[in-house]
Amino acid sequence: MFNGNLSPVNSSFIAMPPTIPTDKREEETAVPPTSFSRQTNKVRDFFSIPAPIKTLFDLVPVLVYPPNGLPQRAPKPARIPTLYVFSKKEDAATGKPSFNPGCLKWQAFLNIAGINHRLAASNNHASPTGVLPFLLPGASSSNASPDALPIPSSKLVKYAAEHGAHVKEPLNMRYEAYKSLLDHRIRHAWLYTLYLEPLNFNAVAYPLYVSSISTSPFVRASISHQLRAAAEAELLKNSSIIDIDDLYSEADKAFEALSILLGDDPWFFGCDRPTLFDASIFAYTHLLLDDGMEWKEKKLCRALRRRENLVQHRERLLVRYFGG
Amino acid sequence: MASPSSADDLFDNLLKTDAKRLEEEERIAREKERDHAAKAQQRLKELIVDNSTLPVTISSIRLIGAEKTRRSFLDTLFNPILSANRNRPYTLSEALQEVGSATDKLRRFDIFHDGVSMFVDKPSPTDPSSTPTDIDIYIKATERGRIALKTGTDLGNTEGSAYGNLLWRNIFGGAESFNFNASAGTRTRSAYHGVFDMPISSDPDKRLQVDAVSSATLKPWANHEEVLKGAGAKYGWATNSGTKHSVGYTQTWRQITSLGPNASATVRAEAGDSVKSAISHTWIADRRNHPFIPTDGYLMKTVSEIAGWGPLRGDVAFWKSEMESSKSFAIPIPGIEGDSGVSFTTGFRAGMLYPLPVGFGSTSQPSRINDRFQLGGPTDVRGFKLGGLGPRDGPDAVGGDVFAAGSANLLFPVPRVGKDTPLRFQVFGNAGRLLALKDKGGNVQKSVYSTVAQLADGAPSLSAGVGLVYAHPVARFELNFSLPVVVRTGEEARKGFQFGVGINFLG
């Protein structure tokens, strides 16, 4: 409570005695006591609770009632894990695709892997790594604490494998090369078109990432600035200037290369089931083709629409794993 | 006639600087001066007593040594007591009392060094403009330095911190001050706080404050860090009966961030930004005879806050009320004359958060973790960990919307040390209940009523113990041994010793 207290101190002088594993205890009795072990025993005796006080401690509390109810904003406990993503509240409730490609990639991955989960609309502050998405395991019956730790996106493949999902990583020499096409060229063009293209920033990014956070004009201005500065810094990491035409044409070439790679196959690298790579492609193609995003400057969207097989690939994933 | 030899002696004596003798002489001189001052004081007293009903008129008040202080500021303070501005003549004692209280106000602005002195003089009767009843008042004061810088470290409160403080006094010559404080520590990661403070109409009891804050604080009981940036204005005044009010507006951007790895789903749902725009009112009536170990009197305090509603806007909306009271009695012990040093203090604290719609909307906003109450800890409900009472999600104290807590403490002097020391033994029992509002299908009123009713559901969480209290001039220290008697599952009680430092204890 805020009542002008100095920081109150909370420290215990009586610690619970360290529980000694039984096997260790046996070992100790077997070995003749050295002066060191005698000393440590003394220390232990000093810190352990004397028997009468222990009995007293065991007597209290005299009365234990059931737990207090949680506040209204607390999420309902679920047995299934929760994936924290950028999303609108109502979209999260119905499992609609996230509007953030980083989140959508893993959402699609979990859907493909068949890991039953629910979505929570969230923001980067909630994440253990500072970046969404992450998965919070469901409330298990045992409630073992290591099980409840959040799983960052980098560990989701392992998590899926441990939970009986069959997701194959494509074993292809060219896989890394194509992955970098996506992680650099397409991502850079995406960053530019979403955050630095003023028409799109105002029409698309602002309502999704800025005005949803706070109603305060001051906070909105501050967050807008942060977002745009971060996007710019990211782009300037790779080149000394931001060449718009170059960004778009590189992305166009990347789409072309991916289109050729996919060919007439349903999934990339000729797999019979979609892989994480399909999910990462879908993360961008879906958002660029989704009419709900209401892009104003559509250069990047047009570049993608020209590749018919990529458009169909997105449709295929959407219908199969997002129910249309 | 002095002999030549004795003249030589005298000469030698004059040349020799005998330190001892000089000291002796100085001492005598000082004593003389003190005697003189005391006599003068005595004479003045007698004079005043003898002439207390003498009609006088204050023709002028002169403040000596106030170069940096504004004339208009001093005018507001002293003009009302000048006889020219009054329609009734003074008696001498009245006049001196008025001037005395004005001087006292002057002292409380904290712009002069201690030892503001006052002289009374009669103007020369040859001055044609003076009347025979006229007196002139001279006040002598020394202005304090305009800028004071202070740095230091604090260690102890389970946190180590370092701070720097800048105080700029009397900025515009009207006792306006600016205080900037920067600190960094293990729990308060960083805090910057700047306050501009000015008295209104030269009254030290009426103050206008404008402040800005930026801080980052760890909240280990709920696995997160709260980052604040805010600004506000506050007006404080004292009533004639000695109670204090303050009304203020603040706007704060709060960020729940840097969650711990174990943070529960409830805390994760709270992560992110919110803006609170709120008007608050605080009222305090403190009639205790000691701030830390009172043996008589009572304290009443209420804090009310309305946030987000109507034109206030922001991201959160609620009405929040909190009240606190404590009452102390001295307990006479048969066989001991006068004050036995034994006293009994009871304390009670309660609060409620009533959700409201933001702006002119119609759906109420459920409360957030940074607006909800926390209860438990060594300074309120002892025998529980910090935030140890109330709703919990796993390791996190997620706070509640309604609470009540009470305590009863019996304090008695430590044998052999005596009642005149700031040390006491105490026997205490304290109890509390902290509840979150239940969802009643969006009916806020119903949910508040039913939650308040639930406070009386079963015994409150309760603990009792004994301890040692030490009232240091700046804070109260307690070392207690306590045991929980009644708890709710999940509530974090502490069996054994607990150490508390604070300025505001529950009872």
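## Basis of the model

The structure is a predicted model, in which local features need pLDDT of at least 70 and side-chain atom pairs count only at pLDDT 80 or more, while totals for chains, interfaces and linings use all residues. Residues are numbered from 1 along each chain as its sequence is written, chains are lettered from A and ligands numbered from 1 in the order in which they are written, and side-chain values use heavy atoms, with hydrogens and water left out.

## The interface between the chains

In this model, 50 residues of chain A are in contact with 80 residues of chain B; contact means heavy atoms within 4.5 Å. Together the two chains bury about 5,300 Å², and 58% of this area is on carbon and sulfur atoms. Buried area is the accessible area (1.4 Å probe) that two parts lose on being put together, summed over both.

The rule finds one salt bridge across the interface. A salt bridge is a side-chain nitrogen of Lys or Arg within 4 Å of a carboxyl oxygen of Asp or Glu. The side chains that form a salt bridge here are those of A:R73 and B:E270, at 3.1 Å from N to O.

## The side of chain A that touches chain B

Four elements of chain A give two or more residues to the side that touches chain B: α3 (51-59), β1 (63-65), β4 (134-136) and α9 (217-236). Helices (H or I, at least four residues) and strands (E, at least two) are DSSP runs, numbered from the N terminus. The largest share, four residues, comes from α9(A).

By residue type, this side of chain A has 32 nonpolar residues, 17 polar ones and one charged one. Ala, Val, Leu, Ile, Met, Phe, Trp, Tyr, Cys and Pro count as nonpolar, Asp, Glu, Lys and Arg as charged, and the others, Gly among them, as polar.

## A strand pair across the interface

Strands of a sheet pair through backbone hydrogen bonds, either parallel or antiparallel. Two strands count as paired if DSSP finds at least two bridges between them. β1(A) and β21 (residues 476-488) of chain B run parallel and are joined by three bridges. Within this pair, A:V64 is opposite B:V487.

Chain A has an open sheet of four strands in the order β3-β2-β4-β5, with mixed pairing. Its edges are β3 (118-121) and β5 (151-152), each with a single partner strand, so one side of each is left without a neighbour in the sheet. β4(A) and β5(A) run antiparallel, joined by two bridges, and A:L135 has A:I151 as its bridge partner.

The bond from A:V60 to A:P61 is cis, with omega near -10 degrees, and A:P61 lies in the loop between α3 and β1 of chain A. The bond from A:L132 to A:P133 is also cis, with omega near 0 degrees; A:P133 lies in the loop between β3 and β4 of chain A.

## Strands of chain B

Chain B also has an open sheet of four strands with mixed pairing, in the order β2-β1-β4-β3. The edge strands are β2 (90-91) and β3 (117-121), each pairing on one side only. β1(B) (residues 55-64) is antiparallel to β2(B), over two bridges; B:V56 is partnered with B:Y90 and B:P55 with B:T91. β1(B) is parallel to β4(B) (residues 134-140), over seven bridges, and one of the partner pairs is B:I64 with B:K140.

## The annotated domain of chain B

An unreviewed UniProt entry places the feature "domain: Bacterial surface antigen (D15)" at residues 170-505 of chain B. UniProt positions are given in the numbering used here, feature names are shortened, and annotations may be inferred rather than shown by experiment. The span is 5% helix and 54% strand, and its end C-alpha atoms lie 35 Å apart.

B:N223 has a positive phi of about 50 degrees although it is not a glycine. B:N223 is placed in the loop between β9 (203-219) and β10 (224-238) of chain B.
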